[in-house]
Amino acid sequence: MNLFKKYAKDIKHIILKNKNSLNINNISNIDNIIVESPPEQFDYDLSSNVAMVLSKINNENPRNLAEKLKTILINNINDFAKIDIAGPGFLNFKFNKKAWVLIINSILKSKSKYGSNKIKKKYNVEFVSANPTGPMHVGHCRGAVFGDVISNLLKFNGAKVTKEFYINDYGKQIENFTKSVFLRMREIKFKENFPNDKDLYHGNYIIDIAKMLFKNSKKINLNRYEDSFDTIKNKSLDQSLKLIKSDLKLLGIKHDVFFSESNMIKKKYVDKIINVLKKNNHVTDGYLSPPKGEETKTWKKTKRLIFKSSNFGDDSDRALQKNDGSWTYFANDIGYHFKKVSKKYDKLINVLGADHIGYIKRISAAVTAISNNKISLTCKVCQLVKFIKNGQPFKMSKRSGDFFPLSKLLSEVNKDAIRFMMLYRSNDVEIEFDFNKILEKNKDNPVFYVQYCYARINSIFNTLNINPNKKINYNFNEFKLNTFEEKLLRKIIEWPKIVDISSDKLEPHRITFYLYQLSTIFHSYWSKGNEDKNLKFINNGKINNLFTLKLFQLIYIILENGMFILGVSLPKKM
């Protein structure tokens, strides 16, 4: 349960019941009342802005109103030992012993569900969607991890999620890819030189695909490219997708659906949705102005079908046809999203690369038009990753073509470190991935520090020969917290709020940062026990305080839930 939401709701309800005695006439801004964690210098469990919110709109002195609220809340909510006023009128709350007992027992009962907020919605999350022209490179890595963890987070929160990969297997890049394989096959068979053409794919993996085709398809006609195009294209794409799926598997990612653009074209999804949009007057025949920066004299004014995307929040209307009358990439994308809308998802999420920011408004406009404003599309853009090694930018290998293969990254660093660090900052800012720091075993390596917290807790239970999942009987009449235990409990009750916000805003970096903070408090407690015998967990093979074990069980639960969402392992020994 999200306690912050619960008590905010309770406070609002009590205000509505007591607004006359509080002399409050205007409650139009009551939804601005929040409950949050107080600053660390205040020795309290919760804090609220309730007096600040209501005093301004009712022309009341906030501290005077806080005094009245304090009395009413302490009499109506049985969970607080005391409520105090801080600063200009903030209310700070401290739980009583009974409340803490109920909270702790509730978490221990919830276990793997602790933090889940039970969203009953159906999501489609499309991510990676790399051109199937070779193995994945590190440029795909951040978006791949982000999309996978968003999916895990929504599932943990109770939603039904379909993880989808859109296969861009149609268009000029596929023709160039197919031609590259054909020419590599001729190079192998006839000893011809592979052309130095910038449009072709030069990576060594193209040679591997060509060899695989020789091995599995002995009747390919290498005399005429046109005669062998379909066979080479289909078989090469199959091999390329195997490479992509293999790379994704190494990263711990598995999609539910792989949707082919070529298949969509064959089934005329684009024609179908364009006809629907025409009937709804969202498409017209017309002319577009030349693109910004392009000289007017080079612009060919051509009548074509145009989507009225400016009616749905886009900056301008968008062409659906090229000069030759064929569909634009955008038109094909409308066809693809028409298919997704037809599946009746509640929400669509697209994870995009940094170079797709300018594409968001038009595709969002299209989804609004297609679904008659019934389904929302959220686009999350993942910014670039700078790889650093020995203090210098990590030079990408040219051996596999002009990119740094994901498989190369995975040979340098394990998937746990990659997944955690790709989410250690917000997706909309660039991050640095430092190979040296990620291999260190100290506080500067966040994933190690979180995993080490779990391993240390396991070592405590192993020393005592107790199963960490076993129920521990404790006399709560002896319940008393030291400073570290108070910090840990206050951080522990934040977990459902973190999950809630992360899920609502699609910001999984909040999970990694929270787990690191929780682990840091634990490690500080552990270290202090080596200095102060009163804070030592175990003496002569026995636990000093059974409550300490219950507390560590709570941390254990959160670490397992959090790292499950992140798709990162938790070694029991390190």
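Tutor: Before we begin with charges, note the convention that Lys and Arg count as positive and Asp and Glu as negative, while His and the chain ends are not counted. Please also keep in mind that this is a predicted model.

Student: With that convention, how far apart are the mean positions of the positive and negative charges of the protein?
Tutor: The count gives 96 positive and 57 negative charges in the protein.

Student: What percentage of the residues in the protein is buried?
Tutor: A residue is called buried when its relative accessible area is under 20%. The protein has 574 residues, and the share of them that is buried comes to 53%.

Student: Among contacts between residues at least 6 apart in sequence, what percentage joins residues at least 24 apart?
Tutor: Contact here means heavy atoms within 4.5 Å. Of the contacts in the protein that join residues at least 6 apart in sequence, the share joining residues at least 24 apart is 72%.

Student: In the open sheet of three strands, which are the edge strands?
Tutor: The order of this open sheet is β8-β9-β10, and the pairing is antiparallel. An edge strand pairs on one side only, and the two that do so are β8 (283–286) and β10 (318–319).

Student: Which residue in β10 stands opposite Phe-307?
Tutor: Strand β9, covering residues 304–307, runs antiparallel to β10 and is joined to it by two bridges. Across from Phe-307, the residue in β10 is Arg-318.

Student: Is helix α12 mostly covered or mostly uncovered, and what covers its buried residues?
Tutor: Helix α12, residues 360–370, is mostly covered, since eight of its 11 residues are buried. Among those buried residues are Arg-362, Ile-363 and Val-367. The elements that cover them include α10 (269–279), β9, β10, α11 (329–342), β11 (347–353) and β12 (376–382).

Student: Which residue takes a positive phi just after α12?
Tutor: The place to look is just after the end of α12, where a phi of about 55° occurs. The residue with this positive value is Asn-372.

Student: Where is Asn-465, and is this residue buried or exposed?
Tutor: Asn-465 has a positive phi of about 55° although it is not a glycine. Its place is in the loop between α16 and α17. With a relative accessibility of 72%, Asn-465 counts as exposed.

Student: Leaving aside neighbours within four places in sequence, which residues are in contact with Glu-494?
Tutor: Glu-494 is found in the loop between α17 (483–492) and α18 (495–505). This residue is buried, with a relative accessible area of 12%. Apart from neighbours within four places in sequence, its contacts are Phe-4, Ser-37 and Tyr-514.

Student: What kind of aromatic pair do Tyr-454 and Tyr-556 form, and how many residues apart in sequence are the parts tied together?
Tutor: The structure holds 40 aromatic pairs. In the pair of Tyr-454 and Tyr-556, the rings are 4.5 Å centre to centre with 25° between the planes, and the pair is stacked. Because Tyr-454 lies in helix α16 (residues 446–463) and Tyr-556 in helix α20 (residues 546–566), the pair ties together parts whose separation in sequence is 102 residues.

Student: Is the pair of Tyr-525 and Phe-537 stacked or edge-to-face?
Tutor: Tyr-525 is buried at 2% relative accessible area, and Phe-537 is buried at 9%. Planes over 60 degrees apart count as edge-to-face. The two rings are 4.9 Å centre to centre with 85° between the planes, so the pair is edge-to-face.

Terms used: Residues are numbered from 1 along each chain as its sequence is written. This is a predicted model: local features need pLDDT of at least 70, side-chain atom pairs count only at pLDDT 80 or more; totals for chains, interfaces and linings use all residues. Side-chain values use heavy atoms; hydrogens and water are left out. Two strands pair if DSSP finds at least two bridges between them. Helices (H or I, at least four residues) and strands (E, at least two) are DSSP runs, numbered from the N terminus. Buried means under 20% relative accessible area, exposed over 50%, partly exposed in between (1.4 Å probe, protein chains only). The place of a charge is taken as NZ of Lys, CZ of Arg, CG of Asp or CD of Glu. Rings of Phe, Tyr and Trp (its six-membered ring) pair if their centres lie within 6.5 Å; planes under 30 degrees apart count as stacked, over 60 as edge-to-face and the rest as tilted.
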